[in-house]
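Hello,

Here is the structure you asked for. Have a look at it first, then read my notes below.

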Amino acid sequence: MSSSTPVPSQTEEANHPEHRPIRTFHARRSRIRPSAKSAIDRLWDRWGVDIDDNFDFVRSLRTDHDVVLEIGCGMGDATVAMARAEPNTTILAVDVHTPGLGVILRDCERDGVSNVRVACCDAVTLIRDHIPDGSLAGIRIYFPDPWPKQRQHKRRLIQPEFVSLASSKLRSSGTLHLATDWQNYADQMLEVLSDEPTLHNTSEGFTARPQWRPVTRFESRGLRLGHTINDLLFTKV
Ligand SMILES: C[S@@+](CC[C@H](N)C(=O)[O-])C[C@H]1O[C@@H](n2cnc3c(N)ncnc32)[C@H](O)[C@@H]1O
């Protein structure tokens with residue numbers, strides 16, 4: 001993303017009807033704080049990744065570390081904390097909205113964290129078209145948009161086709177870690193992941209939040225509303 005690129009452009013691209021017929025995300029023009037905008041302008045060339053025809057998983061990420069993909073990083077509360085705690089892992093944080101990516105870049109610079117890469121794109125397209133099979137050590141999806149109304153359920157990210165595709169990108173023993181505060185989405189996740197033959201549940205059903213998983217912004221909101229948090233931790237067979 002060059003500094004002259006208008007911030008919402010990648011969101012508009014991701015929203016294009018031919019790009020993905022069913023969107024898993026809300027179209028919005030989020031306000032971006034000046035410090036986050038400035039971080040994007042200054043740091044995108046160092047830690048930002050453009051997902052286009054020139055993207056090459058190994059060359060573009062510029063890392064020898066294991067790579068974990070975080071889908072829907074939002075404002076990045078978990079991203080920077082995980083990267084700090086796992087210096088030998090590179091977290092590729094993806095969202096369709098840029099304000100959070102700017103916050104991540106700003107906080108990485110402030111904290112001297114260099115093992116984060118950020119990309120602004122639809123993760124479905126990223127996984128389908130740009131991530132080689134068997135290349136990821138993990139995929140983390142924390143509090144994906146719940147699309148609570150029955151008629152919106154088709155927009156939920158966690159569907160059999162997506163989970164099968166995501167699993168194909170994990171290396172052997174790689175992990176797929178999900179969390180949600182919506183009970184009926186949690187039940188759907190458990191059913192879909194349990195039915196995927198290339199995945200193995202590390203627990204009987206749901207699992208408690210591993211201590212290393214930071215509490216996220218949406219999780220805090222769910223907790224304030226009295227929702228139960230469910231984590232799911234599966235490994236690639
Ligand atoms: C409910 S928020 C959760 C954010 C954060 N993980 C948290 O727990 O605070 C879901 C995020 O997923 C992003 N998202 C939804 N679908 C996506 C997709 N297909 N690709 C990339 N990001 C997506 C949304 O833009 C939003 O920022």
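Helix α9 gives three residues to the shell around the ligand, the largest share. Helices (H or I, at least four residues) and strands (E, at least two) are DSSP runs, numbered from the N terminus. In total, 22residues surround the ligand, and the closest are Phe25, Gly72, Gly74, Phe143 and Thr216. Two or more shell residues come from each of β2 (89-95), α6 (123-130) and α9 (217-224). Near means that the C-beta atom, placed from the backbone, lies within 6 Å of the molecule.

This is a predicted model: local features need pLDDT of at least 70, side-chain atom pairs count only at pLDDT 80 or more, and totals for chains, interfaces and linings use all residues. Residues are numbered from 1 along each chain as its sequence is written.

Now the whole chain. The protein chain has nine helices and seven strands. Its C-alpha trace spans about 50 × 40 × 35 Å along the principal axes. Of the 237 residues, 42% are buried (20 or more other C-beta atoms within 10 Å of their own, C-beta atoms being placed from the backbone).

What about the core? The largest nonpolar core has 61 residues. Such a core is a set of buried Ala, Val, Leu, Ile, Met, Phe, Trp, Tyr and Cys residues joined through C-beta atoms within 7 Å. Val94, Ile104, Val116 and Val118 have the most contacts inside this core. Beyond four places in sequence, Val116 is in contact (C-beta atoms, placed from the backbone, within 7 Å) with residues including Trp47, Ile91 and Ile104.

Best wishes

Key: A residue is buried if 20 or more other C-beta atoms lie within 10 Å of its own, exposed if 12 or fewer, and partly exposed in between; C-beta atoms are placed from the backbone. Two residues are in contact if their C-beta atoms, placed from the backbone, lie within 7 Å.
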